[in-house]
Amino acid sequence: MIGLVVTGHGNFGTGLTSSLKLIAGEPENYVAVDFPQEYSVEDLERELNKAFDTLKDCDGILVLSDLGGGSPFKTAVMTGFPRGNVEVIAGTNLPMLIEVNMGRQFIEDLDTLTNMAVNTGKDQVVRYEFKPVQQEESSDGI
């Protein structure tokens, strides 16, 4: 199974994890890594390394982060890529996380899972548009 790490600013990782557990149950081979205000980048690096070590027996690791270019994203890239078989995505949303978590049950290729995550994330950003329903005029005079 592909390991999954969710990280981001503040309690992004544990917050999304809470929602995931409510919807889909307890995830396997999964670690949430928060980046609270009191952490330094070195603290974040330490916690990400712990997460990667926890998932070292997985068939690869996918890291889902909040903001591209932010400290969690950059630190995940810098600590993950030298290990090999690690992918890092930014812009994580809950539908992406749910889909990826469930997809790990049958997708064993890290690249395929990563592409699925990006596509799902994009597809789930939608805008509601109100379109009033027009009443058809009745021909019977009512």
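Which residues have the most contacts inside the largest nonpolar core? In this predicted model, local features require pLDDT of at least 70 and side-chain atom pairs count only at pLDDT 80 or more, whereas totals for chains, interfaces and linings use all residues. Residues are numbered from 1 along each chain as its sequence is written, and side-chain values use heavy atoms, with hydrogens and water left out.

The largest nonpolar core comprises 18 residues, and those with the most contacts inside it are Leu4, Leu62, Leu64, Leu97, Val100 and Leu113. A nonpolar core is here a set of buried Ala, Val, Leu, Ile, Met, Phe, Trp, Tyr and Cys residues joined through side-chain atoms within 4.5 Å; buried denotes under 20% relative accessible area, exposed over 50%, and partly exposed the range in between (1.4 Å probe, protein chains only). Two or more residues of this core are given by each of β1 (3–9), α1 (12–24), β3 (61–65), α4 (94–103) and α5 (110–123). Helices (H or I, at least four residues) and strands (E, at least two) are DSSP runs, numbered from the N terminus. When neighbours within four places in sequence are left aside, Leu97 is in contact (heavy atoms within 4.5 Å) with Leu4, Val6, Leu16, Leu20, Tyr30 and Leu64. A second, separate core has 15 residues, among them Val33, Ile61, Ala76 and Val88. In soluble globular proteins, nonpolar side chains tend to be buried together.

In helix α3, the buried residues are Pro72, Thr75, Ala76, Thr79 and Gly80. Viewed down the helix axis, these residues fall within an arc of 110° and therefore line one face of α3; the arc is that of the directions from the helix axis to the C-beta atoms. The elements covering the buried residues of α3 include β1, β2 (30–35), α2, β3 and β4.

The count of salt bridges is five, a salt bridge being a side-chain nitrogen of Lys or Arg within 4 Å of a carboxyl oxygen of Asp or Glu. One of these joins Asp43 to Arg46, with an N to O distance of 2.9 Å; both residues lie in helix α2 (residues 41–54), three residues apart, or about one turn of the helix. Asp43 is partly exposed at 21% relative accessible area, and Arg46 is likewise partly exposed, at 37%. A salt bridge also links Glu47 with Lys50 (3.2 Å, N to O), and this pair too lies in α2 with a spacing of three residues. Lys50 has a relative accessible area of 45% and is partly exposed. Asp43, Arg46, Glu47 and Lys50 are linked in a network of salt bridges.

Asp53 forms a salt bridge with Arg83, the closest N and O atoms being 3.0 Å apart. Asp53 belongs to α2 and Arg83 to the loop between α3 (71–80) and β4 (86–89), so the pair ties together parts that are 30 residues apart in sequence. Asp53 is partly exposed at 41% relative accessible area, as is Arg83 at 38%.

The charged end of Arg46 also sits over the ring of Tyr39, 6.0 Å from its centre; the criterion is NZ of Lys or CZ of Arg within 6 Å of the ring centre and within 35 degrees of the ring normal.

Pro95 is found in helix α4 and is partly exposed, with 31% relative accessibility. Apart from neighbours within four places in sequence, Pro95 is in contact with Thr120 and Gln124.
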